[in-house]
Every structure is written in C-alpha cells, then in structure tokens.
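Visitor: Please show me the structure. I have some questions about how its elements pack and pair.

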Amino acid sequence: MTARLDLELAADPSALARLATTLETFGEANDLPTQAVLHLNLCLDELITNIISYAYEAPAGHRIQLDLVLEGGLLRGELTDDGRPFNPLQAPAPDLDADLDQRRIGGLGIHFVKTLMDHVDYRRQAGLNRVTFQKRLSG
Amino acid sequence: MNLRTDTSGDIEILIPSGRLDSTTAPTFEKALLAYFEGRPARVLVDFDELEYISSAGLRVILMAAKRAKQSGGGFVLCGLHENIREVFEISGFLSILNVSDGRDEALARLAPT
C-alpha cells in the first residue's frame with residue numbers, strides 16, 4: 001500500500017502549525033508510530049524555519065512544497081523552495097561535548113535532521129532548493 | 001504556546017504549555033531572559049505541560065543557562081516528558097543543564113544552601 005501527502009505551505013510562520021496538524025492526520029490515517037511522526041515534524045519544522053528565516057529577501061508570496069510517499073514501511077520525502085541557493089546540510093555541527101560556557105548557541109536544527117532521518121540529500125535544480133530525505137519506520 | 005508563571009519563595013517558576021517552536025520562542029525568550037536582567041535570579045522552568053520543542057526553544061534555554069551561570073543565579077528544568085527529553089538528549093543538553101524529574105526536587109536544588 002502506498003500513501004502520499006502533497007502539501008503546499010505559505011513561507012511564513014503559519015506553516016509550522018499547518019505542518020503539525022497535517023502530519024498528525026497523515027500519521028493517524030496510516031497508523032504511523034507517534035514517535036516517528038514527532039521526529040518527522042521536528043525535522044521538517046527545522047528545515048522550514050531555516051527556509052523562512054534565510055531563503056528570501058521577503059518571504060511574502062513564496063511557497064514551500066512538501067511531498068511525502070509512504071511505502072512498505074519506508075517514508076520518503078522532498079521539501080522544495082524557490083529561495084536563494086542554500087544547502088542546509090553544510091551547516092557546522094554543534095559541539096556536543098562542549099561545557100556550558102563553551103557551548104555555542106545554534107546549529108541544532110540540522111543536527112536533528114541528520115540524527116533523526118536515515119538519509120538526507122540536497123540539490124539545487126532549476127532554480128529550486130530540493131532537500132530529499134528517507135526514514136525507515138519499521139522492519 | 002501559553003506561559004504561566006508562579007513563585008516559590010524567591011524562586012521564579014515558568015510553565016510553558018503547548019508548542020515551543022520558532023513562532024513562539026520569541027515570547028518565551030522575552031519572559032525567561034527578563035528574570036536575569038541585572039540580578040542573579042533563581043529560575044525554574046517546568047516543562048510538564050509542554051508538548052513540543054524545536055531548536056528555537058532550546059536556543060532560549062541555553063541562553064538562559066549561560067546568563068544564570070554568569071550572574072551567579074540558578075536555573076533548573078523539570079517535568080520533561082519522554083519526547084521532550086529525547087530532544088534534549090540529542091542536543092547534548094542533559095549533561096550541561098540542571099534537569100530534575102519533578103518540581104519538588106527542582107525547587108530543592110534551587111534553594112539556598
């Protein structure tokens with residue numbers, strides 16, 4: 001059985017609430033583990049927040065496209081935006097061993113994506129940023 | 001996100017509920033960091049009613065912990081549910097922050113010795 005989600009989000013802060021409710025509904029409809037839905041939500045929140053914060057001179061009018069395909073316990077997805085070229089995977093990794101004084105603020109969002117997804121890729125294609133990801137949900 | 005506040009003696013208690021993400025973190029930041037302005041405050045954040053936290057919320061927590069240390073105050077977290085705790089763990093925050101299970105234990109940790 002294959003389930004699909006096709007969601008177009010406005011590139012503004014309303015996107016996060018809409019993402020959360022849409023993923024919750026998708027998770028319930030497809031009997032996905034609560035924790036997997038939460039991880040997916042967190043990763044997409046971080047990627048979308050990055051896009052809204054950095055991709056545009058002015059985010060008004062821009063859209064972010066999310067496509068998900070669930071097949072045989074494997075969730076594959078793609079997040080697309082038309083902002084300036086930006087590879088979020090190049091963000092420096094946080095120093096998890098630093099003490100409180102040395103620990104720098106920031107860099108955690110992409111760390112979550114790299115930790116919680118099984119596979120993440122970025123490419124710039126036809127004027128669009130495309131982040132693809134995979135997460136194995138069972139087996 | 002909603003924010004409630006409480007006090008116990010001179011310990012300030014902040015209780016966020018709902019979702020702490022990049023849209024709600026600025027409100028949380030303003031409320032939390034205000035405690036540390038010009039004084040060594042002792043602050044407890046009780047996460048018992050929090051459903052979700054992203055890196056935007058963790059950023060505020062880290063800033064507050066740094067300010068508390070620099071000013072000689074105190075900063076303790078409690079009530080982290082499993083999904084919130086997991087995000088703290090992945091962030092490496094459990095080893096650099098003061099995290100207690102329940103509110104009583106957290107208050108005891110903040111009490112003057």
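Visitor: Are H1(B) and H2(B) roughly parallel or roughly antiparallel to each other?
Guide: This is a predicted model, where local features need pLDDT of at least 70, side-chain atom pairs count only at pLDDT 80 or more, and totals for chains, interfaces and linings use all residues. Residues are numbered from 1 along each chain as its sequence is written, with chains lettered from A and ligands numbered from 1 in the order written. Helix H1 (residues 25-34) and helix H2 (residues 55-71) of chain B, DSSP runs of H or I with at least four residues, pack at about 10° with axes 9 Å apart; axes are fitted to C-alpha atoms over the stretch in contact, and angles run from 0 to 180 degrees between N-to-C directions. Angles under 35 degrees count as such, so H1(B) and H2(B) are roughly parallel.

Visitor: How many nonpolar residues has the contact of H1(B) with H2(B)?
Guide: Contact requires C-beta atoms, placed from the backbone, within 7 Å. Phe28(B) and Leu32(B) of H1(B) are among the residues involved, as are Val60(B) and Met63(B) of H2(B). Ala, Val, Leu, Ile, Met, Phe, Trp, Tyr, Cys and Pro count as nonpolar, Asp, Glu, Lys and Arg as charged, and the others, Gly among them, as polar. By class there are two charged, one polar and eight nonpolar.

Visitor: Which residue in E5(A) stands opposite Arg124(A)?
Guide: E4(A) and E5(A) (residues 128-136) pair in the antiparallel sense over seven bridges. Opposite Arg124(A) stands Asn129(A).

Methods. Helix = DSSP H or I, 4+ residues; strand = E, 2+ residues; numbered from the N terminus. Parallel < 35°, antiparallel > 145°, perpendicular 65-115°, else oblique. Contact = placed C-beta atoms within 7 Å. Pairing = 2+ DSSP bridges.
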